[in-house]
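Subject: Two-chain model, structure and notes

Hello,

Here is the structure you asked about. Please look it over first, then read my notes below.

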Amino acid sequence: MISTSTRYALRSLRRNLRRTALSVVGLGIGVGIALFALSWVRGLERMSVEAAAGGGLGHLRVAPAGWLEQHDEALRLTEWEDTLEATRALPWVEVATPRANVGGLLGLGTRTAHVVLTGVDASTEPQLFRYLRGLSEGRYLEPGERGAIVLGRANATRLRANVGDELVATVVSASGELESAIVTVVGIIDTGSRTIDQSIAHVALEDVAQLSGREGAGEITILARELGTDPEAVEPMRRELAAVVGEGNQALSWLELVPDLRAKIDGSYRSSRIATTIILLVVLFGVASAQLTSVLERRKEFAVLAAIGIRARTLVRIVVTESLFLGLVSGLLAIAWAMPLLAHLERVGLDLRAAFQGEEGMAFAGVLLDPVFRPQAGPWLVPTALALSLVATMLASLYPAWFASRTDPANALRVDR
Amino acid sequence: MNTEAQPTTTAKPPAVATDVVKTFRTGDMEVNALAGLTLEVRRGDFLALVGPSGSGKTTLLNLFGALDRPTKGKVEVLGNDLGAMSKSERARLRLTSLGFVFQAYNLVPVLTAAENVELILELQGMGAAERRKRALDVLGDLGLGELAARRPMELSGGQQQRVAVARAVASRPALVLADEPTANLDGKNAEQLMALMRRLSSDHGTTFVFSTHDPRVIAHASRVVTLEDGKIASDETH
């Protein structure tokens, strides 16, 4: 059964319905905007992780020991086939594909382009390499196909190469000799980002081995199932992977592979927290002001309550109860308007292409972000909205509650004339 | 469990003021509202405090009501020395042992008549069913049974003041203090209220101390203490 003092607190909110309604609407809008900010950053985080993973980085990577420090393309995995098999056996691995890189020169007639040739396993690479959606001409490599190359648009333009053209690929091999091979352009990928396009020059893994004189794979790139959006969620997987990669190899997560992206996400989080805090502070002061006015209007009443023996802490509880009820209703209001809107935006997405029409498109730190941005909605919005709202109103009530607790009971006997 | 020291309510006099001085400071000026006043309120008194405005009636009620502390001298309420009590202990004393009736009724407007009465009982820790029954019994006793579910604004001035009396006596306090309880009532309602308070005093042995200017009210008092300039000018038992 609801206590009389709680009933008093709740009914007091009805004394000035307009003020109560304005407080609820103000706080509801503020909390809703805060939900937008948080949802936006979580969407950005998810988009970044997906973009990094699907753009070829993967969620995780098996690399030769020392690779992170040296970034040396010449390094190769030890026992790479066994490592690949052990990696694929992990239950959360969706796809694991081997790669090997070698720097070189592509030539067509008198035109040349410096590229990093990426040797891939064409049977598994398409499952990971999202940029294949940007294949504008020709096709991708076929499993077992040798002597073929898929180029990024920037390289193709520089070489004025078209599908079917034969290019001369020249690299410095492990023995220090120049090695050349003819590769035929079978496809051109247009990602929308010049930097990303320049990084695409896919050939068969075996072609890289033949040209570079280094057998095997330089990395195994892994896409994980159901990773979620928490950047730290990848860490337990990395530890599990580290246990199977064998001596001479190391397990790396995308957090280590693209620290700039991680820094960007962290920066976005900080910005959203600051924005959320500012929004809530503004609303909080508004609610505090309304609550204080309400307490001031009831000074005489509080004095009477204090005179008849209500203790200071009960007066505090009454004011805090009023505020918490405001917070509850405001939180529900924020959920009511912001959640469906965010769910809708998540479903349809926000097409940001118009805002990123430069030659770099939406590339950042070597990762091409999806131009259709989707904030992240979901059930997490409910507890977040209620927590924000209740904490804000609780804080907003502290000063008015303290003020009420200091009511002089002797004022009860003073007559207002 | 409440571990706070409980105020005593033994067979000592309900209220005793000994050489009490109460000084208020207004800017650079000091005003002695009470100037060495000594008064013992006896058990069962139906005591009227009379005197001109500024004579110290409300100040004395504040002290007997444990709402304030004397500047000098000693005030004991139900055997408790106010000077030695904390704010919280005084609040506890008010809650458990004192009742108040205010000039302007001062009911909580958002609560019904019954809830106004129940509020005190709830704060005393009485269970929901028991306090509801007690509230309705007291309101019924004061002729307000039919109005228990009404809010103060739905009641007349006389009815509101009777609810205020019900609130003051529901917890069966040893001492009820009333500040000009009839000041806002017409003659008929004032007479009814005083008769009611007198009946409660004689039925339950409750001590009443009230301030008033109204001669019709003074006529009901068993003892009339006249204050002038913060001192007792006369103390008459009728």
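Axes here are lines fitted to C-alpha atoms, for helices over the stretch in contact, and angles run from 0 to 180 degrees between N-to-C directions. Helices (H or I, at least four residues) and strands (E, at least two) are DSSP runs, numbered from the N terminus.

The crossing of α1(A) past α13(A) is right-handed. A crossing is left-handed if the near helix is turned anticlockwise from the far one by less than a right angle, and right-handed if clockwise. On the α1(A) side, the residues that meet α13(A) are A:S5, A:T6, A:Y8, A:A9, A:L10 and A:S12. Facing them in α13(A) are A:T314, A:I318, A:T321, A:E322 and A:F325. By class, this contact has 5 nonpolar, 5 polar and 1 charged residues. Ala, Val, Leu, Ile, Met, Phe, Trp, Tyr, Cys and Pro count as nonpolar, Asp, Glu, Lys and Arg as charged, and the others, Gly among them, as polar. Two residues are in contact if their C-beta atoms, placed from the backbone, lie within 7 Å.

Before you go further: this is a predicted model, in which local features need pLDDT of at least 70 and side-chain atom pairs count only at pLDDT 80 or more, while totals for chains, interfaces and linings use all residues. Residues are numbered from 1 along each chain as its sequence is written, and chains are lettered from A and ligands numbered from 1 in the order in which they are written.

Chain A is divided into domain 1 (4–51 + 262–413) and domain 2 (60–226). The bounds come from an automatic or database domain assignment. The C-alpha centres of the two domains of chain A lie 50 Å apart.

Now chain B, and its sheets. One is an open sheet of 4 strands, in the order β2-β1-β4-β5 (chain B), with antiparallel pairing. Two strands pair if DSSP finds at least two bridges between them. The edge strands are β2 (29–41) and β5 (80–81) of chain B, each pairing on one side only. β1(B) and β2(B) pair over 10 bridges. Here B:R25 stands opposite B:E30 in β2(B). The hairpin of β1(B) and β2(B) has 2 residues between the strands, and B:G27 takes a positive phi near 60 degrees. Strand β1 (residues 15–26) of chain B also pairs with strand β4 (residues 72–77) of chain B, over 5 bridges. B:T18 stands opposite B:K74 in β4(B), and B:V21 has B:K72 as its bridge partner in β4(B). Helix α1 (residues 57–64) of chain B lies across β1, β2 and β4 of chain B, at about 120 degrees to β1(B).

Another open sheet in chain B has 6 strands, in the order β6-β7-β8-β3-β9-β10, with mixed pairing. β6 (98–101) and β10 (231–237) of chain B stand at the edges with a single partner strand each, so one side of each has no neighbour in the sheet. The twist averages 15 degrees from one strand to the next. Strands β3 (residues 46–50) and β8 (residues 207–211) of chain B pair in the parallel sense over 4 bridges. B:A48 has B:F210 as its bridge partner in β8(B). Helix α5 (residues 157–169) of chain B packs on this sheet, touching β6 and β7 (175–179) of chain B.

Helices α3 (residues 113–123) and α4 (residues 128–141) of chain B pack at an angle of about 125 degrees, with axes 9 Å apart. This crossing is right-handed.

Last, the interface. 26 residues of chain B are in contact with 22 residues of chain A. α1, α2 (87–97) and α3 of chain B each supply at least two residues of the side of chain B that touches chain A. The largest share of that side, 6 residues, comes from α3(B). Its residues divide into 14 nonpolar, 6 polar and 6 charged.

Best wishes
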